[in-house]
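Subject: Structure for your review

Dear colleague,

Please find the structure below, followed by an account of what was found in it.

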Amino acid sequence: VAAQLEWNKFTLVGHSMGADISTIFASCFPEKVESLVLLDSFAPVEKDARDFSKHLRESFEKRLKSNKLLYNPLKIVGDMSLKGNKIYTSIEKAVEARIKTASFSPGSQYISREAARALVERAIVTVNSDKEQVQFRHDPRLVWPSIQYLTREQVESILLNIKCPVCILMAEDGWPVEPELHQKYINVILKPEMYCKLAGSHHFHADPDSAIAVVDKVDLFLRPR
């Protein structure tokens, strides 16, 4: 996108996995990133290198099991990427499912009904001619276990090469972070110009009760220095 728009230097704002991807980009192309805003995440997921074979097997097994549904030549009709996605009888049912998903996440995570509805409405399609039934349109392959995870050494290398000012905003009831990683990555390596822990959960930037506080902090960080 940046190349197409001919942006030479810009600010990246990322949430969750988007924050992880932003750190990778800022590390690989430090000359292009003016500043970095990371919401409820600040580093890519890392795995112990000694577990590589275990994770690779899990990834392969998931693909072998799911491919029977996705690529069955007798059942390929319509959008193949939607195969296996559950059909909900109404938008409200899909919203309820999204709220429940947040409660199943690690820690004490939650999401407001308003934020859940906003996420659902942009992520569903109606099923056939029935305007009531809906289905999430994301490709189910996106939630499969990754084939390749980064090691701690690789993650440290990524963070060490970030050269721009960094703002990190974490949610009090957001995604849990190991204290050791928090101390090393934030206090020792990244040393952000702004770090705040704000009230709210993982989607604190979208929940009405916490969004304003997030916006205010980001605005303060991005003001001309």
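Ring pairs connect W7, F10, F25 and F29 into a cluster. Rings of Phe, Tyr and Trp (its six-membered ring) are taken to pair if their centres lie within 6.5 Å; planes under 30 degrees apart count as stacked, over 60 as edge-to-face and the rest as tilted. Please note that this is a predicted model, in which local features need pLDDT of at least 70 and side-chain atom pairs count only at pLDDT 80 or more, whereas totals for chains, interfaces and linings use all residues. Residues are numbered from 1 along each chain as its sequence is written, and side-chain values use heavy atoms, with hydrogens and water left out.

By the ring rule, the count comes to four aromatic pairs. One of them joins F10 and F25, which are tilted at 40° between the planes and lie 5.9 Å apart, centre to centre. Because F10 belongs to strand 1 and F25 to helix 2, this pair ties together parts that are 15 residues apart in sequence. Helices (H or I, at least four residues) and strands (E, at least two) are DSSP runs, numbered from the N terminus. F25 also pairs with F29, again tilted, with 5.0 Å between centres and 35° between planes.

As to accessibility, buried means under 20% relative accessible area, exposed over 50%, and partly exposed in between (1.4 Å probe, protein chains only). F10 is buried at 9%, F25 is partly exposed at 27%, and F29 is partly exposed at 36%.

T11 is partly exposed, with a relative accessibility of 30%. Beyond its neighbours within four places in sequence, T11 is in contact (heavy atoms within 4.5 Å) with E34, S35 and L222. The side chains of T11 and S35 are joined by a polar contact of 2.7 Å. A polar contact is a pair of N or O atoms within 3.5 Å; within protein, one must be able to donate a hydrogen and the other to accept it, and residues adjacent in sequence count only if both atoms are side-chain atoms.

S22 lies in helix 2 and is buried, with a relative accessible area of 7%. A polar atom of the S22 side chain lies 2.8 Å from the backbone oxygen of G18. Setting aside neighbours within four places in sequence, S22 is in contact with L12, V13, G14, L36 and L38.

A nonpolar core is a set of buried Ala, Val, Leu, Ile, Met, Phe, Trp, Tyr and Cys residues joined through side-chain atoms within 4.5 Å. The largest has 22 residues, of which L36, L38, F42, L159, I162, I168 and Y185 touch the most other members. At least two residues of this core come from each of strand 1, helix 2 (17–28), strand 2 (33–39), helix 6 (152–160), strand 6 (166–173) and helix 7 (179–190). Helix 7 supplies the largest share, five residues. A second, separate core of 13 residues includes A97, A115, A116 and I124.

Finally, A94, V95, A97 and A102 are buried in helix 4. The buried residues of helix 4 fall within an arc of 160° seen down its axis (taken from the directions from the helix axis to the C-beta atoms), so they line one face of the helix.

Yours sincerely
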